[in-house]
Amino acid sequence: MMNIGIIGAGAIGAAIAKLLTQNGIKVGIANSRGPASLAALVAGLGGNAQAVTVQEASRADIVFLAVNWSKLPQAVQALGPWRGRIVVDTNNPIEAPLFKPFDLAGKASSQVVADMLPGAQLVKAFNHLPPALLANPAAEGGKRVLFYSGEHQAAKQTVAALIEKLGFFSIDLGNLEQGRLAQFPGGPLPALNLVKHS
Ligand SMILES: NC(=O)c1ccc[n+]([C@@H]2O[C@H](COP(=O)([O-])OP(=O)(O)OC[C@H]3O[C@@H](n4cnc5c(N)ncnc54)[C@H](OP(=O)(O)O)[C@@H]3O)[C@@H](O)[C@H]2O)c1
């Protein structure tokens, strides 16, 4: 099993950590304030979770990035080289308290994030559902749908396999430009809570 790092331990980072650890996957989770500030969170997650530094989390085979949009540049500026490691972009270009969309100069949000991480294989996923829905992959007798997109086929397959292992139904939207369908705000898909019935 690949090792997994999570940068950002708020609503989304913690929800992803819970899903992964419940499925027997070990995670290292980090925030801006250091491992000591995460003691209560990792205690609640059990033995599969460890509080680590941002640097340590960034060296995992798969790195989830779950940080407030305005803080992303600061969070990743000292990281890398990425050497082809997979980064899962869970982020959306909007945040409290104003909830005013950031100006991306026409780019897809995950392209903006990819530009911050030269050499990483970025996959956009886990960004279009609120934490409460993300917490429950099994839904209404079926599997909750998670969309993913990216430029790197092997990385996408790895993330899709992880999505399925967690109990979701994964749908490939294509490349990062096509991933705009699941961009929030703007794309039509985040407004939908879809469940796949077999
Ligand atoms: N909440 C949602 O419904 C939702 C749904 C889908 C996607 N998203 C996206 O997911 C991302 C995270 O959202 P959230 O709701 O989880 O936010 P959040 O609850 O505010 O948590 C943000 C996390 O980012 C960390 N962080 C901030 N600056 C950092 C830095 N420089 N280095 C390392 N960590 C840093 C914070 O750590 P400290 O507390 O130590 O500063 C905190 O753990 C956002 O891009 C958001 O758009 C959110």
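Mentor: Start at F126, in the loop between β6 and α6 (131-134). Bear in mind that this is a predicted model.

Trainee: What makes F126 count as buried?

Mentor: The label needs 20 or more other C-beta atoms within 10 Å. F126 has 27, so it is buried.

Trainee: What is noted about the phi of F126?

Mentor: The phi of F126 is positive, about 60 degrees, although F126 is not a glycine.

Trainee: Where is A105, and what is its phi?

Mentor: A105 sits in the loop between β5 and α5. It is not a glycine, yet its phi is positive at about 50 degrees.

Trainee: Why is Q55 called exposed?

Mentor: The limit for exposed is 12 or fewer. Q55 has 12 C-beta neighbours inside 10 Å, so it counts as exposed. Q55 is part of helix α3 (residues 54-58).

Trainee: How far apart are Q55 and L65?

Mentor: In sequence, 10 residues; in space, 12 Å from C-alpha to C-alpha.

Trainee: Which residues of helix α5 are buried?

Mentor: In α5 (residues 109-116) they are S109, S110, V113 and A114.

Trainee: How do you know that they are on the same side of α5?

Mentor: Their arc around the axis is only 140 degrees, so they lie on the same side of α5. An α-helix has 3.6 residues a turn, so residues three or four places apart point the same way.

Trainee: What do the buried residues of α5 pack against?

Mentor: Against α4, β5 (86-89) and β6 (121-125).

Trainee: Which residues of the largest nonpolar core touch the most other members?

Mentor: The core has 59 residues, and I6, I7, I16, I29 and V88 touch the most other members. Helix α1 gives the most to this core, with 7 residues.

Trainee: What is I7 in contact with, beyond its neighbours within four places in sequence?

Mentor: The partners of I7 include A30, V54, A57, F64, L65 and A75.

Trainee: What are the secondary structure counts for the protein chain?

Mentor: There are 7 helices and 10 strands.

Trainee: What makes the chain as compact as a globular protein of its length?

Mentor: Its radius of gyration is 16 Å, and the globule rule gives 16 Å for 198 residues, so it is as compact as a globular protein of that length. The C-alpha trace spans about 40 × 40 × 35 Å along its principal axes. Of the 198 residues, 44% count as buried.

Trainee: Last one. What makes the peptide bond from A96 to P97 cis?

Mentor: Its omega is near 0 degrees. P97 is in the loop between β5 and α5. The bond from F184 to P185 is also cis, with omega near 0 degrees. P185 is in the loop between β9 (169-174) and β10 (195-196).

Conventions:
Residues numbered from 1 in each chain as written. Predicted model: local features only at pLDDT ≥ 70, side-chain atom pairs only at ≥ 80, totals over all residues. Helix = DSSP H or I, 4+ residues; strand = E, 2+ residues; numbered from the N terminus. Rg over C-alpha atoms; globule rule 2.2 N^0.38 Å. Core = buried A, V, L, I, M, F, W, Y, C linked by C-beta atoms within 7 Å. Contact = placed C-beta atoms within 7 Å. Arc of directions from axis to C-beta.
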